[in-house]
Amino acid sequence: MTTRRLFASVLAAVLAGGTVAVVLTQTPPATAERRGQAPVVIGHRGASAHRPEHTLLSYEAAIAMGADYIEPDLVSTKDHVLVARHENEISGTTDVAAHPEFADRRATRTVDGRPVTGWFTEDFTLAELKTLRAKERVPDLRPDNTAFDGLAEIPTFEEVVQLAQRHGVGVYPETKHPTYFDSIGLSLEEPLLEVLNRYHVRKAYIQSFETANLRELRGRTRLPLIQLITSGGAPYDWVAAGSTRTYDDMATPDGLREVARYAAGIGVDTRRVVPVDAAGATLPPTTLVQDAHRRRLEVHVWTIRNENSQLPADHRRGNPASPVYGRATGDVAGWLSRLIELGIDGAFCDDPAMGRAVVTGRPA
């Protein structure tokens, strides 16, 4: 069977509701020197274009679709177990609001300087969280994913690692709100390293939007670290310390030189590589990729999404007057190809099948 036919058959099985059958490709272990290699495909929260995010259903689909790495965002339970959720507030991704026994857990917390109201993982034991079921976070954008609402538990980081190791793919965990979790006595780094070390994980990246925890991890692990950089704002640990520095400062040549002292790469909003104007149309690319490579930093971009509403204006396709135009699939392959031509080393993809198809169709 040809690679193309094999890929098509696996993708069809997954989209029909199947589980992992095969891993299409493998990449070498993570390294800070990937020049000349094909970009890695990172299953963003699994295959979140096709399954509710941060569920084993989503991670299984991402693996079958050819992801090199699966990405769990990590938060802590009350009993200090790491679980995969995009945020510690879980009303948007679980059915917790439908559980009357947990009604009194609804609270307001200040997370990274902002008040947030809802239900928080740190107020539940793992056993309690396991009674909840996941649901699609953005049902208006991805209505088909609601067919899987109520089917999946919240997975632990350990369960995600076990899944990855069974199928020979890497893990790409993100520590969420590390300063906040430190402040409530539930530090994320120790249980993260404990799981990675216990399972002898070698194919992994560890990422964070903050800096202090990455600097701490640099002295405790040889796994490559990724400094995340948004299109605006500042790392919260800098804000909490009263610093006036921002992500803009971090993205300069001098800032990248400092990042290279503790990290192997950067994970950046695509707008840091290809800016867009007020109408969403792309502008000429920046020099960020070249600047990072000069400092031996990898560049992984986020997030590559299929829907028109998530793409630059010049990569949207279809009739703008259609009521489903926003969630229709645009020229996502052309968008990713454009970024690859600029030299990126990896991409976080909501649809890893699309990412794999683009990467496989290009010369290494």
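Val-332, Ala-333, Leu-336, Ser-337 and Ile-340 of helix H13 (residues 332–341) are in contact with Met-354, Gly-355, Val-358 and Val-359 of helix H14 (residues 352–360), where contact means heavy atoms within 4.5 Å. By class, this contact has seven nonpolar, two polar and no charged residues; Ala, Val, Leu, Ile, Met, Phe, Trp, Tyr, Cys and Pro count as nonpolar, Asp, Glu, Lys and Arg as charged, and the others, Gly among them, as polar. The model is predicted, with local features requiring pLDDT of at least 70 and side-chain atom pairs counted only at pLDDT 80 or more, while totals for chains, interfaces and linings use all residues. Residues are numbered from 1 along each chain as its sequence is written, and side-chain values use heavy atoms, with hydrogens and water left out.

Helices (H or I, at least four residues) and strands (E, at least two) are DSSP runs numbered from the N terminus. Axes are lines fitted to C-alpha atoms, for helices over the stretch in contact, and angles run from 0 to 180 degrees between N-to-C directions. Angles under 35 degrees count as roughly parallel, over 145 as roughly antiparallel, 65 to 115 as roughly perpendicular and the rest as oblique. A crossing is right-handed if the near helix is turned clockwise from the far one by less than a right angle, and left-handed if anticlockwise.

| Helix pair | Axes within | Crossing angle |
|---|---|---|
| H13 and H14 | 10 Å | roughly 55° |
| H2 and H4 | 11 Å | roughly 20° |

H13 and H14 are therefore oblique to each other, and H13 passes H14 in a right-handed crossing. H2 (residues 56–64) and H4 (residues 157–167) are, by their angle, roughly parallel, and their crossing is right-handed. Here Leu-56, Tyr-59, Glu-60 and Ile-63 in H2 meet Glu-159, Val-160, Leu-163 and His-167 in H4, a contact with five nonpolar, one polar and two charged residues.

Strand E11 (residues 265–269) is largely enclosed by the rest of the structure, because five of its five residues are buried, that is, under 20% relative accessible area with a 1.4 Å probe and protein chains only. Strands count as paired if DSSP finds at least two bridges between them. E11 runs parallel to strand E10 (residues 225–229), to which four bridges join it, with Val-268 in E11 as the bridge partner of Ile-229. Five bridges pair E11 with strand E12 (residues 298–304), again in the parallel sense, and Asp-269 has Trp-302 in E12 as its bridge partner.

In helix H6 (residues 189–198), the buried residues include Glu-189, Pro-191 and Leu-192, and just after H6, His-200 takes a positive phi of about 50°.

Terms used:
Buried < 20%, exposed > 50% of the residue type's maximum accessible area, 1.4 Å probe, protein only.
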